Amino acid sequence: MRLRRTAHHGAARHRNTRRRTSCRGSGWPVPVALLLAVLALAGCGVTDTGPSAAGAPAAGARTAGGKVVRAYFVAAHGTWPVTRPAPPGAGPQTALNALLAGPTPAERARGLVTALPGGTHRVRAQAAQGAVDLYLPWLVSELDQVAVHQLVCTAAAAPGIPGGKRPVDVVVRVHESGLPSGAADSWAVTCDETGVTVPAGGR
């Protein structure tokens with residue numbers, strides 16, 4: 001697993017006003033330490049919007065109308081999931097498409113926004129046993145860290161992931177673009193209970 005050593009372009013805009021009471025230790029292997037530096041420049045992964053109050057939804061959640069997909073947007077206090085009706089056979093790609101479509105006018109009126117880059121982008125998502133592979137059109141270093149939280153948590157909470165794991169236990173393998181051939185190794189992360197991306201096995 002190799003990460004490009006580029007500075008996080010959004011670091012200056014995402015200073016912490018609050019820090020977690022306990023941070024990860026420094027005993028990570030070098031690639032994981034670099035990943036932590038990208039995702040947690042603001043201090044243990046909490047953005048200037050504060051920690052998420054949403055948490056991760058229960059696996060296989062349903063409404064009266066059937067299954068739903070959850071897309072994580074950004075509220076005043078962190079990432080926040082909203083539901084969309086799930087068509088038959090819905091899976092991680094359905095959830096990511098809902099995320100990329102952005103919040104509805106009604107959701108924007110409630111203060112929900114997205115930190116993902118504007119324009120038309122394609123994120124490929126493929127379910128595996130207890131995991132999701134995400135193929136991004138960006139480098140992680142090009143994204144605001146809260147955008148990474150949105151992508152990872154939306155994928156982890158998606159329906160159609162074999163294995164019946166809770167969203168907090170689903171491993172999301174992120175594949176970056178723009179790296180030389182053979183160097184685009186994936187890195188494995190999860191969405192923790194606060195809606196923040198952490199290295200898999202690092203909770």
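**Exercises on a predicted fold**

Five strands form an open sheet, ordered β4-β5-β6-β7-β8, with mixed pairing. Strands here are DSSP runs of E with at least two residues, and helices are runs of H or I with at least four, numbered from the N terminus. Two strands pair if DSSP finds at least two bridges between them. This is a predicted model: local features need pLDDT of at least 70, side-chain atom pairs count only at pLDDT 80 or more, and totals for chains, interfaces and linings use all residues. Residues are numbered from 1 along each chain as its sequence is written, and side-chain values use heavy atoms, leaving out hydrogens and water.

**Exercise 1.** Describe how helices α2 and α4 pack.

*Solution.* Two packed helices are described by the angle between their axes and the distance between the axes. Axes are lines fitted to C-alpha atoms, for helices over the stretch in contact; angles run from 0 to 180 degrees between N-to-C directions. Take α2 (residues 92-101) and α4 (residues 145-156): the angle is about 145° and the axes are 8 Å apart. Next, list the contact residues (heavy atoms within 4.5 Å). From α2 come Ala95, Leu96 and Leu99; from α4 come Gln150, Leu151, Thr154 and Ala155.

**Exercise 2.** Which residue forms a salt bridge with Glu107, and what does the pair tie together?

*Solution.* Apply the cut-off: a side-chain nitrogen of Lys or Arg within 4 Å of a carboxyl oxygen of Asp or Glu. The whole structure has three such bridges. Glu107 pairs with Arg84, with the closest N and O atoms 2.7 Å apart. Glu107 lies in helix α3 (residues 105-109) and Arg84 in strand β3 (residues 78-85), so the pair ties together parts 23 residues apart in sequence.
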